[in-house]
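Q: Could you walk me through how to read a few features of a model like this one?
A: Gladly; let's look at it together.

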Amino acid sequence: MDKVYILGLLILVLALLIYGIPLLYGRRKVHLKGDRTYISFDDGPSEVTPQVLEVLDQVGVKATFFLLGEEIVKRPQLVKKMAAEGHQLGLHGYSHRHPLKMTFPSQYEDLKRGYKAFEDLGLKPAYYRAPHGAYTWASLYFCSKYHLKILHWTGLVGDWNLEEEDVLLGRLEALSGPGHLLVLHDGTKGTANPLAKTLVPQLLEDLNDALKGHPAPLGTWRRP
Ligand SMILES: [Zn+2]
């Protein structure tokens, strides 16, 4: 066999082992048991989160928030309020650096630091969702050691770009269904438009209304 061909095959197998397997494992679209559409929020908490909590309270729905350690330390009381109100909390890392651009030890440290931000408030996250949806061996190892369950989304609508609310609402409705877990962003990271998150509370309220006659209205999911 041609040496170049063997080398190419070897590189492909290595890439699959190093990057492919954890990515595929983490991104499995786990549809949650239940007959409702469920909602989660990433990249917070931020100045918009109190309004999100207000809407969730009004519509009687609990959500899952994937928080960043570097944002938790800025708004500790808000995080305690989220937990006290019965929302589920998940870890999204300390920073929002791209996991594929970090070494194993640096990502592990980042996750540990994020976890500690919860512990400092007397809280423990139950879930993990990777920044950029990029699961790695470091995050899988961390999750197994800290007993975090990976909870990827089933519906992502690009709400970090400033768009017409109707457009985003239409996408959310199309992605709703029994056991589906949608994600919105109550924080700004990376290339996200800082103004985009200000639409999120209204979007949540309108989604709840829009799904009232839907086969899977918005509801509260809890780990069985
Ligand atoms: Zn994120």
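Q: Is I150 buried or exposed?
A: First, the ground rules. This is a predicted model, where local features need pLDDT of at least 70 and side-chain atom pairs count only at pLDDT 80 or more, while totals for chains, interfaces and linings use all residues. Residues are numbered from 1 along each chain as its sequence is written, and side-chain values use heavy atoms, leaving out hydrogens and water. Buried means under 20% relative accessible area, exposed over 50%, and partly exposed in between (1.4 Å probe, protein chains only). I150 has a relative accessible area of 13%, so I150 is buried.

Q: Which strand holds I150?
A: Strands (E, at least two residues) and helices (H or I, at least four) are DSSP runs, numbered from the N terminus. I150 lies in strand 5 (residues 149-150).

Q: Which protein atoms are donors of the zinc ion?
A: Donors are N, O and S atoms within 2.8 Å of the metal (3.2 Å for Na, K and Ca); water is not among the atoms, so sites may look incomplete. Here the protein donors are D43 (OD), H92 (NE2) and H96 (NE2), at 2.1 to 2.2 Å from the zinc ion. Along the chain, their spacing is D-x48-H-x3-H. D43 in strand 1 and H96 in the loop between strand 3 (88-91) and helix 5 (104-119) are 53 residues apart, so this pair links distant parts of the chain.

Q: Are D43 and H96 buried or exposed?
A: Both D43 and H96 are buried.
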